[in-house]
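This report describes selected helices and backbone features of the structure shown below.

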Amino acid sequence: MKLDFTYYNPTKIYFGKTALEHLPQELENYGKTVLLVYGKGSVKKSGLYDKIINILNQADKKTIELSGIKSNPTYLQMLEGARLVRENHVDLILAVGGGSVIDCAKGISLSAYCKGDPWERYWINFEEVDNQIVPVGSILTMAGTGSEMNGGSVITNEEKMLKNGRVYPPEVYPKFSILNPEYTYTVPKYQMASGIFDTMSHLMEQYFSGEDDNTTDYMIEGVLKSLIHSAYTALENPEDYEARSNIMWCATIGLNTVTGLSKEQDWEVHMIEHQVGAYTDCAHGAGLAVISVPYYQYIYRYGMDKFVRFAKNVWNLPVETMTKEEAALAGIDKLHEFIVKLGLPTTLREIGATEEMLASIANSTVQGGGYKYMTEEDILHVLKASF
Ligand code: NZQ
Ligand code: ZN
């Protein structure tokens, strides 16, 4: 743990089958008006919406609603939420859904009282947040992003064809998050697999960097093993509580910043995927699945020992019988096999990208990386290999 760090995570987690029972006591901490933010209908179908409305009514709250939040939430929807917050003097934003809904709620919270243009200030120039932040609480219905316990708010500006986000300060994190793994039973298989791979990618983005002997890397290997193990069971039997609960917790740990402590990090797969998402509107985890293997095949030589370690410690491959090169590539092959077993796509074509888009995606992707700095040319190479 050679790099200094400060760790502060203010989100209170209620986890398990009875987690929603804590909502009334949480609501007591906030004023009368609640903005309820949710997606395109899954919460109504599952009956969760009725339960929450009932609790809000019993708590004598005035509830304003913002529904129809899209996967890959848009800037316009976020601005609409910000307007509702200002006009109704909202005291708490309650997000019910997956990462898109929670990210949108955090964006609303940041933007409602922003002086100036929120997009330019907070999503492009990454300025310090200097305005009032409206508290957010979340009720998670889909595992993957970790948004329930972090400061991420990834928003798509459709007009500018940009999908951007950053980690905002702890004041923006949800104040509380309610995590009942049973809520994920109704998530369609493709979305579930996409969420699982999103978590996998978060862990790998943090793992594939640095060469020091870091406790965090051992933690990541453990979480990856649990995730892979539970993924197969959870997809085979959607109502396997143990598997679903493991996945939900892996997802939360995977991006509540604890698995990034004292580490340099990569995140270039995410940077590329966000722009793929801006052009194709694909499911985030599916986009990551497509890019990851070609990306790691492109950069593994720069972090060879770590890729060998990945093959050995995550996939239990007998690396002693192989050359380093063979071992590193065999680990990446296992990753490919996992993606295929999850039923996720492996080419950009399958998620709606066209060859003409590739240069624009490369040109608008934020450059960076872990073991290798990725230039626009490198990114284009990976995109072509993913096509
Ligand atoms: O809109 P509804 O009807 O609710 O349906 C959703 C949506 O269609 C559905 N769903 C969610 N829970 C369900 C359910 N369907 C049935 N039963 C349930 N219990 O699933 C679909 C996908 O939901 P979404 O929220 O879009 O998925 P996810 O959680 O993967 O979030 C993706 C967004 O999060 C961003 C991504 O870029 C993307 O915009 N990310 C946020 C991060 C963060 N805050 O730290 C980090 C990530 O890397 C990521 O970038
Ligand atoms: Zn992600």
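Thr257 counts as partly exposed, at 25% relative accessibility; buried means under 20% relative accessible area, exposed over 50%, and partly exposed in between (1.4 Å probe, protein chains only). Thr257 is located in the loop between H9 and H10, and its phi is near 80°, a positive value in a residue other than glycine. Most residues other than glycine have a negative phi.

Asn72 has a positive phi as well, of about 60°, although it is not a glycine. Asn72 belongs to the loop between strand S3 (62–66) and helix H4 (75–88) and is buried, with a relative accessible area of 7%. Helices (H or I, at least four residues) and strands (E, at least two) are DSSP runs, numbered from the N terminus.

## Basis of the model

This is a predicted model, in which local features need pLDDT of at least 70 and side-chain atom pairs count only at pLDDT 80 or more, while totals for chains, interfaces and linings use all residues. Residues are numbered from 1 along each chain as its sequence is written, chains are lettered from A and ligands numbered from 1 in the order in which they are written, and side-chain values use heavy atoms, with hydrogens and water left out.

## Helix H9

Helix H9 (residues 241–254) has 14 residues and reaches 19 Å from its first C-alpha to its last, close to the expected 20 Å (1.5 Å times one less than the number of residues). At its N-terminal end, Asp240 caps H9, with a side-chain oxygen 3.2 Å from the backbone nitrogen of Glu242.

Ten of the 14 residues of H9 are buried, among them Ala243, Ile247, Met248 and Cys250. The cover over the buried residues includes strands S1 (12–15), S5 (136–140) and S8 (176–179), together with helices H7 (189–207) and H8 (215–236); contact means heavy atoms within 4.5 Å.

## Helix packing

H8 and H9 pack at about 145° with their axes 8 Å apart, where axes are lines fitted to C-alpha atoms, for helices over the stretch in contact, and angles run from 0 to 180 degrees between N-to-C directions. Residues making this contact include Val223, Leu227 and Ala234 of H8 and Ala243, Ile247 and Ile253 of H9.

The axes of H10 (residues 268–280) and H14 (residues 357–364) come within 9 Å and cross at roughly 135°. H10 is therefore oblique to H14, since angles under 35 degrees count as roughly parallel, over 145 as roughly antiparallel, 65 to 115 as roughly perpendicular and the rest as oblique. Ile272, Gln275, Val276, Tyr279 and Thr280 in H10 meet Met357, Ser360, Ile361 and Ser364 in H14.

Note on methods
Polar contact = N/O pair within 3.5 Å; in protein donor to acceptor, adjacent residues only side chain to side chain.
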